[in-house]
Each structure stands twice: as C-alpha cells, then as structure tokens.
Amino acid sequence: MRDNQLIKQLSSLREIKKPAVLWCDQTRKEILQLAEQKSGKEWFWQDKLVFYWWKTRSVVPQPVFVSLATILFLLVMTVPINQAVASSLPGDWLYPVKRWQEKITLTLKQDAASQGAYYLHLASVRLAELKRLPIGDNEQARVLRDYNINLSFAQVNFEASSTSIKLANLYDQSINNFERELNEVVVPSKDREVYQTARELTQTLGDKALAVLVNLHVKDQEPQNAVTQRLSEEINKVEQKLSTVQSKIDKLPISQKQVARVVIESKRQIIGAQDAGEEASKTLAEAKELLEKKEFTLALEKVKEGETITLKTEKVLNEVEEVTGEVKGAEDQAIEGEGVKTEDLETQPVQPSELNNTSQEILDSDNN
Amino acid sequence: MSKLTTIKEQVLLLKIRHGDAAAYAEIYDTFVSAIFRYINFRVANEEIAQDLTSDTFLKVWERLTSDTEIKVRNIRAYLYQVARNLIADHYRQQQPLLLEDLAEELDNNSETTEVHLERQATLAEIEQALKKLKPLYQEVIILIYIEGLSIKEAAAILDKTSGATRVLLHRALNQLKSLLK
C-alpha cells in the first residue's frame, strides 16, 4: 500500500467516527448547567483592554488592522520626535530639521495672506528661541537676524494681500506680543544693532497693522467696540511710557531741564523736555476725546503723535544722562557685564526712513 | 488553523475566563467531534470515549475559570492535551480493554452499496492495525492524518519538537504499513 493511499484512507476514518448527536446535545446541556453554576473572574480594565484588542482584530480585516496599527504606531512615535524638533534651539543637532520643516511648510502656503501669517508664526518661533538662549550666546544675533527677515517678509505679504479685519487683527495682536517679548529679551551690546533693527521693524509693522485695522473698522462699519478698546490700550501704553519719561524729567536739575530740548516736527518748533512731556500728555488727551467721538483715524494719528513726542523726549533725556552721567533713577542700565536691558534700547530714536531702509536691506540680502 | 480563527479563539477564551458559558458552548460545538474521535481511537470503547470527552470539557472549563495563571494560546491544542492526560489516567486506572470489533460498527451503518462496504472493510483493517501501534505512534497518526492538525500543533500536544514529531510520524506510518501487509 502506498503512503498517499494510506494517508487518504486514514483521513476518511474521520468521517465514520463521529459522536452520536443525542449524546452531544445531552452532554452540552450538562456541561453548560455545571458551567453556569460557577462564575468566572471579574472583568478588570486590563482584561477589557485585551478583550477589545482581540475583538478589534477579529472584526477588522488583517491588512486594515496592520495599516491602522502602523499608522497608530507612527503617530505615537512622531509625537515625541516632533516635540523634540519643535523645542530644538540653534546649535542643537535637530535644529536643521526644524528649519527644513519650516521651509517645507512655507512652500505649502499658496497666497500672500497665509504666507504672511506663517512668517509671523516663524517670527514668534524665533523670539521664543531667543528667550531660551543663554544671554550672550553667539546664536542670539543669528536668531535676531532671522526674526527680522521673517518679520520683513510678513510685512511684504501683509501689504500684498487683500486686507481684512481678521488679518489686520492677527498682525496687530502678534506684533503686540512681539513688542512685549522683545522687551523681555536681554542681548549683549555687540548685538545691539540687530536688536535695534528688530524693534524698529516690529514697531513699523505694528503701526501699519493698527492703522489698517482702524481704517477697516471705519470703512466697514464693523462693531466699533473692539477698535475703541484697542485704541484705548494703545493710549494706555503711551501714557505709561510718558509717565516714566515724566519721572525722569522731574528728577532733572533745573539747569539740565533747560539744556534738554526736543524738536516737535508736527508743530515745527523746538521746546524744552518738560514742555515736550506736557505736549505729549495734551496730545494723548486729544486722542481720548477723538476716541469718544468715534473719530478713530484721527484718534490714532494723535496717539502716534503723542508716542513720537514721548520717544523723542526720552531720547533727549538719555543723551543728557549720558553726557552728565548724573541722572538719577536710571533703572535701565546694562546688566551682566556687556548685557544691555531692552528698556535702555527703547530710547533709541525711530526714524521711519531708516526703518524702511533697514527693512529693504534685509529683504535685498535675503533675495540675494 | 487560520490567523482569524486564532483571534476569534482568543476572544472566546477571554469570555470563558470570565465565566461566559455561551462562549464555552461555542468551543464545545466546534471541537466536541474531534476530541471524541481522538479519544475513541485511543480507548476503542465508545462509552468510555463519551465519558472521557465530557470529562475533558468539564476539566477545561474548570481550569480556565479557576486557574488565573494558566496560559492557553491554542484552545484546540489545550483540549487535546487534557484529553491525552485523561486517556493516560484511564489506562493507569484500568486494565487495557480488548478492542471492539469494528465489524459490529459496520453492521450498524445504513449504507449498503457494495463498493462502500468494501471501503469500510479496508478502513476497519486500518483501524485494527492502528490500535496495534505504540500509543505515541497512534497519537501522531490520529492527530495529523485523521484530525488534520499541523506538525507544529501536534508537536505542541505531544510535547515534542516539530522535527521529532516529523520523525515520529514517519516511523508510525512505516509501522502501520508493515502491519497492513
């Protein structure tokens, strides 16, 4: 007898050896009766987890299950990697990956508005990095330069895109945050120039965004509570700055008060620091009145005028302070050796023409 | 055994461990015939086979619901292992019984065609020869050729490696052939 034949016959034995159906049913009943008398162990969450794991595997077809499990695994794995990439700083081995990710994401932005918004986001990322870098780190200047480039591109895109209240709001709020964060940053004196540029660019873009925002509210007759509140905040901001300047003026000796002279371009006159402070205060009061009358554009103009006078007065006071070296209450001194606190840098004058030049230079250098 | 069957078994096993009698009924319906047949080939007495089969299912239920440490990956293999132990216990307790004449069983068969009777007669010879084999040879032939288990599954039940089971199967088949000459 051949092996195959024998094996075939052996397997056919299976067909003739079957238990009786009646016995099967009877035994089934008996076993189930006994089984029901005995309870199994309780379901704990681990058991349920394992149960649903197997249950899912039994319901979902194998290829789909493998795909889902792979996707889940990749998602779980990419979260920590992405976190590590996102939190990397210049000099870290993952930092180039972060920059490549940014470049790739940027290429996916189609229109000027979304590109501008992304450049704003990148500027905020650079600022966050700047805050986390140790003071005096060589990378600070590089990050600041990148911040300036991002902000310049954001401005170009803002000007190129069709303006909307939403977009103007985004720019205005972002720039407000940037100004606040820049004030918290401490840079060494060697990076003072690039830091100054960053402040100037931020202020220029902030002014533009706020002007567009006010203009759009007036044009579209949108609910005006928001713009009233925003302008009030702006007035408060300038008033706070002015009060710091006023306290500096009060501490000046009378002889130096006469030396400190401020050029008021809008009025085509040169006045003393004390008068300039009063002029700024008066201008802000006018801004408030205009705001009450819902003259938003004029109110904004007055706020900016008051801000310019305040900054110029502060600059003059600092110059006097540098010459005499005797001004008291100079709270904003350089810290940690060469470090310079940002408030000190705020006193640098902001010339719109210079700002435009700087911005253009950055754009040109980037294009090259 | 397909992957999906294994997965479904795992779901059933989890339910059984938590006292789900309906899930156990499903296991019973699926494997009762195979377990009965396996025992029946080994003990040669249908009544004893019936008793041992129900004992097997009761014991498995008892163990699955009581013993939390026990790890069962393949319920079919586990049923065969329990049945195998019960058969061993049975032979330890009793004198080996004389094998029943398969002709008696054939008499009860309703099929009457000449060809079929001839085939049954040959099968009876094979079964007789099978009973004369060593218990381990019997088991490997029953599990693999009659029940259609894979070498790997049979090896797990017999507590041997796949290679050893393959050698055992080869020897068992040769011995069976020599008995049938």
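This is a short tour of two chains, one stop at a time.

Before you start clicking, note that the model is predicted: local features need pLDDT of at least 70, side-chain atom pairs count only at pLDDT 80 or more, and totals for chains, interfaces and linings use all residues. Residues are numbered from 1 along each chain as its sequence is written, while chains are lettered from A and ligands numbered from 1 in the order in which they are written.

**Stop 1: chain A as a whole**

Now think about contacts, meaning pairs whose C-beta atoms, placed from the backbone, lie within 7 Å. Taking those in chain A between residues at least 6 apart in sequence, 72% join residues at least 24 apart.

**Stop 2: a hairpin in chain A**

Next, select residues 261–264 and 269–272 of chain A. These are β2(A) and β3(A), which pair in the antiparallel sense over 4 bridges; pairing calls for at least two DSSP bridges between the strands. Show A:Arg261 and you will see A:Gly272 of β3(A) opposite. The two strands form a hairpin with 4 residues between them, and in the turn A:Arg268 has a positive phi of about 50°.

**Stop 3: where the chains meet**

Now bring in chain B. The contact between the chains takes 40 residues from chain B and 37 residues from chain A. On the chain B side, the helices that each supply at least two residues are α1 (3–17), α2 (21–43), α3 (46–66), α6 (114–132), α7 (135–146) and α9 (162–180). Which helix gives the most to this side? Colour α2(B), which gives 10 residues. Coloured by class, the chain B side has 22 nonpolar, 11 polar and 7 charged residues. Here Ala, Val, Leu, Ile, Met, Phe, Trp, Tyr, Cys and Pro count as nonpolar, Asp, Glu, Lys and Arg as charged, and the others, Gly among them, as polar.

**Stop 4: α3(B) on α4(B)**

The axes of α3(B) and α4(B) lie 9 Å apart, at an angle of about 130°. Axes are lines fitted to C-alpha atoms, for helices over the stretch in contact, and angles run from 0 to 180 degrees between N-to-C directions. The two helices are therefore oblique to each other (angles under 35 degrees count as roughly parallel, over 145 as roughly antiparallel, 65 to 115 as roughly perpendicular and the rest as oblique). To see the contact, show residues including B:Leu52 and B:Thr56 of α3(B) with B:Leu79 and B:Leu86 of α4(B). By class, this contact has 9 nonpolar, 2 polar and 2 charged residues.

**Stop 5**

Select residues 151–158 of chain B, helix α8, which packs with α4(B) at about 40°, their axes 9 Å apart. That makes α4(B) oblique to α8(B). Here B:Ala77, B:Tyr80, B:Gln81 and B:Arg84 of α4(B) meet B:Glu153, B:Ala156 and B:Ile157 of α8(B).

Finish with α9(B), whose axis comes within 9 Å of that of α8(B) and crosses at roughly 95°. These two helices are therefore roughly perpendicular to each other. On the α8(B) side, show B:Ile151, B:Lys152, B:Ala154, B:Ala155 and B:Leu158, which meet B:Ser162, B:Thr165 and B:Arg166 of α9(B).

Technical notes
Two residues are in contact if their C-beta atoms, placed from the backbone, lie within 7 Å.
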